[in-house]
Each structure stands twice: as C-alpha cells, then as structure tokens.
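This report is meant for a reader meeting the structure for the first time. Please keep the sequence and the model in view while reading.

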Amino acid sequence: MSMIKNLWKKRRDSVIAFGIVIVAYIAIQIMSMTGSLSYSMKGMLVPICAYIVMAVSLNLTVGILGELSLGHAGFMSVGAFTGIVVTTLLANIVPWDGLRLAIAMVVAAAAAAVVGVIVGVPVLRLSGDYLAIVTLAACEIIKSLVNVLYVGLDGKGLHISLIEQSFALEEGGKMIINGPIGVSGIDKISTFTAGCVLILVTLFVILNLINSRHGRAIMAVRDNKIAADSIGISTTRYKLLAFVISAAFAGMAGTLYAMNYSTVTAAKFDFNLSILVLVFVVLGGLGNIWGSVIAAALLTVLPELLRALNFSDYRMLIYAILLIALMLFNNSALKQRLLERKRAQKSAKTEGEVA
Amino acid sequence: MLNYLITGISLGSIYAIIALGYTMVYGIAKMLNFAHGDVIMVGGYMCFCATTYMNWPVPVGILLAMGVCTVLGIVIERLAYKPLRSAPSLAVLITAIGVSYFLQNAALLIWTSNPKSFSPIVGRGAVQLGELQITHVTLVTIGACFVIMVALTLFTSRTKLGTAMRAVSEDKGAAQLMGINVNTTISTAFAIGSALAAVAGVLLCSAYPMLVPTTGSMPGIKAFTAAVFGGIGSIPGAMLGGILLGIIETFCRAYISMELSDGIVFGVLILVLLVKPAGLLGKQTREKV
C-alpha cells in the first residue's frame, strides 16, 4: 500500500496528465458521435493536438532546461515538410494511412532532430536574451530556406533544388513543394485519434525523461550552471540533449499539423507561431507539463468560444487583454496574498490534526 | 552599386532609429519590448490620418504621431510593465507580446485590414548626382537619422536626465540611493523610444507606402536584430547595427535572392553573435560565481 502511495506521490503529475488526455479523448469522441460538436470545433481538434505536443516539447526547453527559445516553429516547419515528402513517397507503397503517418512522423522527428543539432551546437553557447534572439533568427532562416525550396517527384525519383526550379519533371511527375506557393493537394490523413496517440507518446517520453537521471541533470543545469558543471554534469551535452528532443517532437507535431490541411506554406510556421506556443507554455506554468496541455487546449479554443458568443470582431482584442491581465495577476500582490491565506489555512488544518 | 549602397543606408537608417528605441528600453529596463514594432505602426497611422483625413500639413502630422506615441509608450509602461518590474523576465516578455497583440488588433478594428496608401512626407522627386539618383525621401531619412543620433548622444552625455538614465542602466539600486527617481527615468526612456518609433513609422511608410496593422512587426524584429547585432544597450551600436543590417539586406536583395535576403540577414546575426557574444560594440560582462 505504501509503495503505491509512494509511486502516486512520485508520478502524480504523469498520471494526471495521462488521465486528462484519455478522458478528453473519450468525451470528445462521444460528443462527435452524438453530433453535439460544431463543425468549426471538429476542424480544430487536430491543430489542438499539434499545439499540445508543441507546448509540451517547448516546455522541455523553456521550463526544464530554462533557456528561452523563440524558434520552435522552425522545427515544426522542418517536420511538416519532411512529413509531406515522406507521405507522398510512400503513397503507393504503404496503403494504410495510419502506418504511413507514423512512418512520416518518425522520419520528420529525425529530420527535425538533425536540424536541432545543427542549430543547437552553435546557438546553445549563448544564453538568456541572446539565445532567444538567435533561435528567432534560426526560425526565420528555416522559413526563408523552405520558401525557396522546390521538390518534385517523377519516374526517375526525387528532384530537389533551391532558389529556382532547376529541374523539369517527366510526364506524370508531381511537384511536392513548390517554393513560396508551398504544398497543395495534401492527403489529409491526420486524425484526432492519431493526434491523441502522439500526445500520449510525447507525454510518456518527456515525463519519463524529466523523472530520470538525465532529467535531473538538465534541471541542475537550469538551476545553477556552474554548480552543475562542478559536480561533473556536462552542461553542453545536456543542453543539447533537451534542445534536440524538444526539436524532434516539434517535428512530429509539424507532420500532424500539415497533414490536416490541404495546402501548407512555409509562411505559416513563422515567428508568431513560436510566440503562440510560448504563450501556452508560460500560461500553463513553466516546467509544468500538464499545465501546458491544458493551456494549449483552452487558449486554442478560447478565440472560437468568443466567436460563438458574438464577440467575433473583438475576440483577438479580448484574447490580448486576457493575456496581459493573466500575466499581471500571476505576478501581483493579490495572488501572493491569496496563496498565503491558503497556506495558512492548510497549516492550521494540519495543526488541528496533530492536536 | 552606389545606388544600392544609398538605398541600403536609407533602409538601415530606419532600422537604426527603431533599434535606438529598443536599445534605450533594454539598457534601462532590461526588457525586450516586443510591442515596439507596433508603436511604429500606430505612428504611421496617426500621421496618415492627420495628413489624409484632416488635411493638416505634414509637420503637424509628424508632431501628432510623435505626441500620440509618446503618450502611448508611457501608458503601456505604466499599465503593463511597471507592475512587473520585479517579475521574471519571461513574464515581462509575454506581457509585451500581449501588448503587441492588443495594438495590432485594436488597429485592425479601427483602420480595418485594407492597406492604406501613405503619401510620402516629401515630394517624389530625386536629386541627380552624376549617375547617382537619390530620392528626397532617402535624403530626409538619412538626415533624420543623423540628427537623432547626434541629439541622443548629446542628451545622454550632457543633460542631467541623460546621466540619470545611464546611472539607472548601470545599477538600479545604487541610482535610487543617489536620489534618482528610477520610475520617472524608465518612463522617460519609454517616451523617447516611442517618439523615435513614431518618426521611424512615418519614414518607413514614406519609403514603402503601404500601411496595414502588421506593418510594424517585421521591421520591428529586424531592428531588434540590429540592436543585438550592434550590442544591445549601446546607442552607437544600435546605429551601426541598423545601418549595416540595411546595407546587407539591400545587397542580398539585389545580388543573391529576394526571398533569401531575410535568411541571410539573420544568418549574419548568428555568426556575429558567435564571434562576439555581446554584439559588435557591446560590453563584455564576465560571469561571476
């Protein structure tokens, strides 16, 4: 019994996070079966899943590693376009959509991880605001590179060129990525179920990482780099580890996200998307994984709810005001006082029990 | 070639003026003011309204834009940033993003998303110097940038308020002990930064006459890059960074690729920061244990 209690204490966050996802999945499935889910809500299910994965993975960098990254959308972009190319290549080889999506996600994660290493090795030498601006720069570089990327497929195989389309396709060939026009005619194979499975996998990996030896090392780097260095933790290695894992999951989220739309352009994965995800992470609580899950879901739905309440013109304005108000409240004396009162009540209660 | 150089310097001057705003606020309040780019947009719209709807003369329009932006800057600082003075920097950053969303969406409601075509503040003419052709807008932009640079340098080194500003940016606590009103000083920095943003907005819209609610965001990010490039917190650094950035961008557009120019600009930024982590003219601070 005490063992179970111990386990519960240790893994409470994980169990809660898994529970939330599974309960939400079942609830939404029932709602969509009974038809009480509006059309626009149905369309948002997969993006919400992608945002949750983005938020959880960014939380690894910002909350657990403690380095501010403003370029998370860049990795999502890498994952999205890799995923599109892979699913197109496999279109006739793997007939089952679910498996095709899974393979695409794995390849996308690998590609995003490689880009994560390329970006991370030089960039992680900086810290603080400088790291933030450099990750932003990396994201913009990825965006402008994808913007001039041309990929085509024909009988001879894959053709790739930068800046200009320097190849001609055989008859029956197909352009996959068409520079600034992006990709059109994507098979929409992402489903809500796939999204939920991806969320569960992400939560499983990241929560286990946090609770492991490596996770504690990463947090040690966050809390005091010099102290961590002095007890033999390789700070560079752990920084890179967290950054690359975070990038890999962003890549998977990118594939999920892209396969939900029929057209995708590079411009979609810009700085604003990175900021959006960062807002989820901060409002959910830094380092708090299930907070990220809830914040990502709620804040994506919020503008739609405001639309339903006939505030459609003002919805983004209200969103902005809520954001500012929440941040002010979070750091205000009022919250401190409320917390103190709660703590006082709690200690009074335990004292009563002892007596 | 020389024409591109002039265009680059002119674009760079605009970045430099915006970057000065970033650098002053960062130097003193140690915060990234993400809403700065949107203050530029508000400045542009203000001048547009004054000259197009009211038919007021251009100088009045510029003064109005500067006045409104100054007040806006102070109000933003008081309402949104001041309560967070002791909060973690990430909280302030998110709040600044919230302010930026707010300004963009407020502008969207007031002026709609239809682009407004801005009529330049000076005629469309140009001065011919041999093969060189310099438009009046370019001349005014470079001139304004030069004047602002000199004025700001004099302000921070000669006046009492400027000295106070430098003191606060060095050590807030010590400055307070010396009887400097830190809150007023920070507000002043925001006021000056926002007034500069208004000027930049008017110049930006004169050079690229298209005004939409998101006009300010990309130049804002680039100017911020310029500020970091030159060493954030340093006034000459912001100037140098801005102008270099403008020149690099213009040459990339002309000789390499239109689409890749942004990527190359940011690539140069990463390279510079790797070699000089505090920017070109920034002060190296050593980490203390």
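## Two helices in chain B

At roughly what angle do the axes of helix H9 (residues 217-230) of chain B and helix H11 (residues 261-275) of chain B cross? In this predicted model, the two axes come within 10 Å and cross at roughly 25°. Since angles under 35 degrees count as roughly parallel, H9(B) and H11(B) are therefore roughly parallel to each other, and H9(B) passes H11(B) in a left-handed crossing.

On the side of H9(B), the residues that take part are B:Met218, B:Ile221, B:Lys222, B:Thr225, B:Val228 and B:Phe229, and they meet B:Asp262, B:Phe266, B:Val268, B:Leu269, B:Val272 and B:Leu273 in H11(B). Sorted by class, the contact of H9(B) with H11(B) has nine nonpolar residues, one polar residue and two charged residues.

## The largest nonpolar core

The largest nonpolar core has 205 residues, and those with the most contacts inside it are A:Phe81, A:Leu203, A:Phe269 and A:Leu278 from chain A, together with B:Phe34 and B:Tyr81 from chain B. Helix H3 (residues 39-64) of chain A gives the most to this core, with 16 residues.

For B:Tyr81, when residues up to four places away in sequence are not counted, the residues touched are B:Met31, B:Asn33, B:Ala35, B:Ile76, B:Val92, B:Thr95, B:Ala96, B:Val99 and B:Phe190.

A:Thr202 has its place in helix H7 (residues 192-210) of chain A. Buried means under 20% relative accessible area, so A:Thr202, at 1% relative accessibility, counts as buried. Leaving aside neighbours within four places in sequence, A:Thr202 is in contact with A:Val53, A:Val56 and A:Phe249.

In chain B, B:His36 lies in helix H2 (residues 36-53), and with a relative accessible area of 3% B:His36 is likewise buried. Not counting residues up to four places away in sequence, B:His36 touches B:Ile18, B:Gly21, B:Tyr22, B:Gly193, B:Ser194 and B:Ala197.

## B:Phe155 in helix H5

B:Phe155 is found in helix H5 (residues 136-158) of chain B. With residues up to four places away in sequence left out, B:Phe155 touches B:Leu161, B:Gly162, B:Met165 and B:Ile192. How far apart are the C-alpha atoms of B:Phe155 and B:Leu260? These two residues are 105 residues apart along the chain, and their C-alpha atoms are separated by 39 Å.

Methods: Residues numbered from 1 in each chain as written. Chains lettered and ligands numbered in written order. Predicted model: local features only at pLDDT ≥ 70, side-chain atom pairs only at ≥ 80, totals over all residues. Heavy atoms only, no water. Axes fitted to C-alpha atoms, helices over the stretch in contact; angles between N-to-C directions. Helix = DSSP H or I, 4+ residues; strand = E, 2+ residues; numbered from the N terminus. Parallel < 35°, antiparallel > 145°, perpendicular 65-115°, else oblique. Left-handed = near helix turned anticlockwise from the far one by under 90°. Contact = heavy atoms within 4.5 Å. Nonpolar A, V, L, I, M, F, W, Y, C, P; charged D, E, K, R; others polar. Core = buried A, V, L, I, M, F, W, Y, C linked by side-chain atoms within 4.5 Å. Buried < 20%, exposed > 50% of the residue type's maximum accessible area, 1.4 Å probe, protein only.
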